Amino acid sequence: MNAYLNGIRTQWKRFAAWLGGEGIALLLVVGFVVHVGYAVAYRIPPTVDAKRYVTVAINLVERGVYCLECTVPLAADMAVHGVGPGYQFFLAGVFAMVGTQFWVVWMLQALMFVGVVAWIAHRTRAHASWQRNVFLGVLLFHPDIVQANAMLMTDTLFMAMVFAVCEACIWLLSQKGQRSSRWMVVAWTLIGGGFALANLIRPTGLPFFLLALAALTYLRLSWKHLALIVGGFILVQTPWVVRNYRVYDHFLLNSAVGGINLWVGLHPDGDGRY
């Protein structure tokens with residue numbers, strides 16, 4: 001028992017050192033508890049977009065079809081007019097394993113968000129100051145963010161995916177010359193696939209992908225590795241594009257939500273509402 005407790009203490013100290021102090025580690029633990037506690041206490045029911053995500057996810061599990069109203073022809077279904085499909089498939093994966101248990105999603109989203117804050121703490125540990133600690137605290141406990149993580153929305157998953165891929169890029173750049181060429185081929189291809197997954201969660205993933213390519217080009221990453229990143233992106237994105245073309249007879253990278261948003265915002269007689 002003592003050996004087990006000593007092992008936990010050792011891992012905790014390593015984690016705290018990785019973050020830049022035990023105070024930050026405790027802050028993250030409290031933040032996770034607050035996020036999960038708020039979600040479980042208030043149990044915000046899915047409405048509007050969240051309700052659409054849940055309905056599509058349940059249909060994926062029960063019918064094996066990406067649809068919102070499965071009683072109409074697939075080409076006339078409105079599921080493609082919402083952001084997706086990445087978050088819907090994420091929900092479907094959770095529901096397939098544990099049933100329609102929203103609390104599991106809330107816990108995962110809280111864990112992902114705390115992981116993002118932990119990454120920021122790690123990357124800024126060399127600049128420890130009270131201003132940094134205040135920033136991390138505000139980020140963790142801002143009411144809007146706590147509430148957002150208690151809802152079934154795409155933002156947390158998207159943020160976690162973008163930060164994870166960026167961290168993977170930083171780490172791979174530090175491994176230059178230390179890994180076999182075959183290993184690096186697989187790794188950079190997976191990086192491209194990660195950016196594609198972020199793009200499938202929210203269409204704003206595409207600008208992040210292009211900015212990452214520009215940054216990696218500036219850092220003089222080899223053209224071979226850049227090509228692998230693009231190849232990985234295409235490899236993951238293509239099945240959904242092919243599916244959309246077969247259903248709608250049009251090229252559709254993710255969904256049709258962008259066109260609707262532009263029409264609502266720019267229509268001469270529009271008032272900004274759907």
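## Overall architecture

A contact here means heavy atoms within 4.5 Å. By that criterion, residues 24 or more positions apart account for 66% of the contacts in the chain with a separation of 6 or more. The structure is a predicted model.

The chain comprises 12 helices and zero strands. Its C-alpha atoms fill a box of roughly 60 × 50 × 45 Å along the principal axes. Of the 274 residues in the chain, 38% are buried.

## Helix H2

Helix H2 spans residues 22-42 and contains 21 residues. The distance from its first C-alpha to its last is 30 Å, close to the 30 Å expected at 1.5 Å a residue. Arg 43, which follows H2, has a positive phi, near 45 degrees.

The buried residues of H2 are Ile 24, Ala 25, Leu 28, Gly 31, His 35, Val 36 and Ala 39. Viewed down the helix axis, the buried residues of H2 fall within an arc of 120 degrees, so they line one face of the helix. An α-helix has 3.6 residues a turn, so residues three or four places apart point the same way. On the face turned away from the buried side, H2 carries the exposed residues Gly 23, Val 33, Ala 41 and Tyr 42.

## Asp 77 in the H3-H4 loop

Asp 77 lies in the loop between helix H3 (49-63) and helix H4 (86-98). The residue is buried yet has no salt bridge. The nearest side chain of opposite charge belongs to Arg 243, 6.4 Å away, whereas a salt bridge requires a side-chain nitrogen of Lys or Arg within 4 Å of a carboxyl oxygen of Asp or Glu.

The side chain of Asp 77 does reach a backbone atom: the nitrogen of Leu 68, at 2.8 Å. Leaving aside neighbours within four places in sequence, Asp 77 is in contact with Tyr 66, Cys 67, Leu 68, Glu 69, Cys 70, Val 72 and Tyr 248.

## His 225 in helix H11

His 225 is located in helix H11, which covers residues 223-248. His 225 counts as buried because its relative accessibility is 17%, and the threshold for burial is under 20%. Not counting residues up to four places away in sequence, His 225 touches Met 184 and Trp 188.

Note on methods: Residues numbered from 1 in each chain as written. Predicted model: local features only at pLDDT ≥ 70, side-chain atom pairs only at ≥ 80, totals over all residues. Heavy atoms only, no water. Helix = DSSP H or I, 4+ residues; strand = E, 2+ residues; numbered from the N terminus. Buried < 20%, exposed > 50% of the residue type's maximum accessible area, 1.4 Å probe, protein only. Lys, Arg positive; Asp, Glu negative; His and termini not counted. Polar contact = N/O pair within 3.5 Å; in protein donor to acceptor, adjacent residues only side chain to side chain. Expected span 1.5 Å × (residues − 1). Arc of directions from axis to C-beta.
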